[in-house]
Amino acid sequence: MTEKLKIRWNSHACFEIEGSKKIIIDPFLEGNPKATRKKEDVKADIVIVTHGHGDHVGDALFIAKKNSAPVVTMVELAWLLKEKEESLEVHDINYSGSVTVDGVKITAVPAYHSSSYDGKYAGNPGGMIIEMEGRTLYHAGDTGVFMDMELIGKMYHPEIAMLPIGGHYTMAPKEAAKAVEMIKPQIAIPMHYSTFPAIEQNPDEFRKEVERNSTSKVRIMSIDQTIEV
C-alpha cells in the first residue's frame with residue numbers, strides 16, 4: 001500500500017515534501033520576493049539542491065546546519081558547498097547516480113541549463129528523482145525541454161512531476177507541456193514562474209496545453225499551499 005505524501009510549494013522552485021522524512025528542495029526563501037516561509041521555520045531531514053544558482057541554493061546551508069540535515073546535490077556543487085561549510089554532510093551524485101539517505105532514494109537526471117556558485121563553475125545542473133514511501137517524484141530543476149525526458153519517464157515512471165514554466169531561463173508553458181507528454185506523470189505541478197518580471201507566466205496556459213495533449217492532470221498550487229497526494 002502506498003502512503004500519502006504532503007507537498008508544500010514555497011514559490012519559485014522550492015518545495016517541501018513530507019512522508020516518513022521531511023525534504024526541502026531548492027530552498028530559495030530569504031531574498032525571494034514571493035516567499036513568505038521563513039528559513040528559521042523550516043524543519044528538514046534532507047536538503048536537495050538541483051544546481052548552483054542563487055535562486056536554488058538559496059538558504060540550503062542555513063537549513064542544513066540548523067536541522068543537522070544532509071545535503072544532496074550534483075558533484076561539483078557538493079565540493080563547493082563543502083568548502084563553504086566543512087561541517088556539512090554532503091552527498092554528491094551525478095547523472096544516473098543515486099544515493100539513499102534515511103530510506104529516501106535520490107537519483108540525478110540531466111537538466112538542460114547552466115550552474116555556477118559564488119562565481120565558480122558548479123558542474124552540471126540536474127533534475128532529481130525522489131523515491132519515498134513507494135512513491136516517485138521528479139523535480140526537473142531549471143531546464144529546457146529535451147527528448148531524453150521520454151527516457152526519464154520510461155525508466156523512473158514518476159507519478160508527480162514539478163516542471164518550470166517561466167520561460168526566459170527555462171521552459172515556457174508550451175515546452176513544459178511537451179515535457180509532460182514525454183514524461184507521462186499522473187500529476188504535473190508548474191513551478192519557477194512569476195517570481196520576477198522576466199518569468200511572468202499564466203499557469204492556466206500550461207494546464208490547457210497539457211490537458212489538450214496528454215492524460216496527465218495539472219495541479220496549480222498557490223504559494224504556501226500544501227496538497228496531499
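Contact here means heavy atoms within 4.5 Å, and helices (H or I, at least four residues) and strands (E, at least two) are DSSP runs numbered from the N terminus. The model is predicted, so local features need pLDDT of at least 70 and side-chain atom pairs count only at pLDDT 80 or more, while totals for chains, interfaces and linings use all residues. Residues are numbered from 1 along each chain as its sequence is written, and side-chain values use heavy atoms, with hydrogens and water left out.

The description begins with helix H4, which spans residues 149-156. Met149, Ile152, Gly153 and Tyr156 of H4 are buried, where buried means under 20% relative accessible area, exposed over 50%, and partly exposed in between (1.4 Å probe, protein chains only). These residues lie on the same side of H4 because they cover an arc of only 100 degrees around the axis, the arc being that of the directions from the helix axis to the C-beta atoms. The elements that cover them include strand E8 (104-110), strand E11 (126-132), strand E12 (135-139) and helix H5. On the face of H4 turned away from the buried side are the exposed residues Lys154 and Met155. After H4 comes His157, which has a positive phi, near 50 degrees.

H5 also packs against H4, at an angle of about 35 degrees and with the axes 7 Å apart. Axes are lines fitted to C-alpha atoms, for helices over the stretch in contact, and angles run from 0 to 180 degrees between N-to-C directions. The crossing of H4 and H5 is right-handed; a crossing is right-handed if the near helix is turned clockwise from the far one by less than a right angle, and left-handed if anticlockwise. Met149, Glu150 and Gly153 of H4 meet Ala179, Met182 and Ile183 of H5 in this contact. By class, these residues comprise 4 nonpolar, 1 polar and 1 charged, with Ala, Val, Leu, Ile, Met, Phe, Trp, Tyr, Cys and Pro counted as nonpolar, Asp, Glu, Lys and Arg as charged, and the others, Gly among them, as polar. Glu150 counts as partly exposed because its relative accessibility is 29%. Its C-alpha atom is separated by 9.0 Å from that of Val180, 30 residues apart along the chain.

Helix H5 (residues 173-183) packs in turn with helix H6 (residues 203-213), at an angle of about 35 degrees and with axes 9 Å apart. The crossing of H5 and H6 is right-handed. H5 contributes Pro173, Ala176, Ala177, Val180 and Glu181 to the contact, and H6 contributes Glu205, Phe206, Glu209, Val210 and Asn213. The contact of H5 with H6 has 6 nonpolar, 1 polar and 3 charged residues.

Glu181 also forms a salt bridge with Lys178 (3.5 Å, N to O), a salt bridge being a side-chain nitrogen of Lys or Arg within 4 Å of a carboxyl oxygen of Asp or Glu. Both residues lie in H5, 3 residues apart, about one turn of the helix. Glu181 is partly exposed, at 25% relative accessible area, and Lys178 is likewise partly exposed, at 41%. Elsewhere, salt bridges that share partners join Arg8, Glu16, Arg37 and Asp224 into one network.

The structure holds 12 salt bridges.
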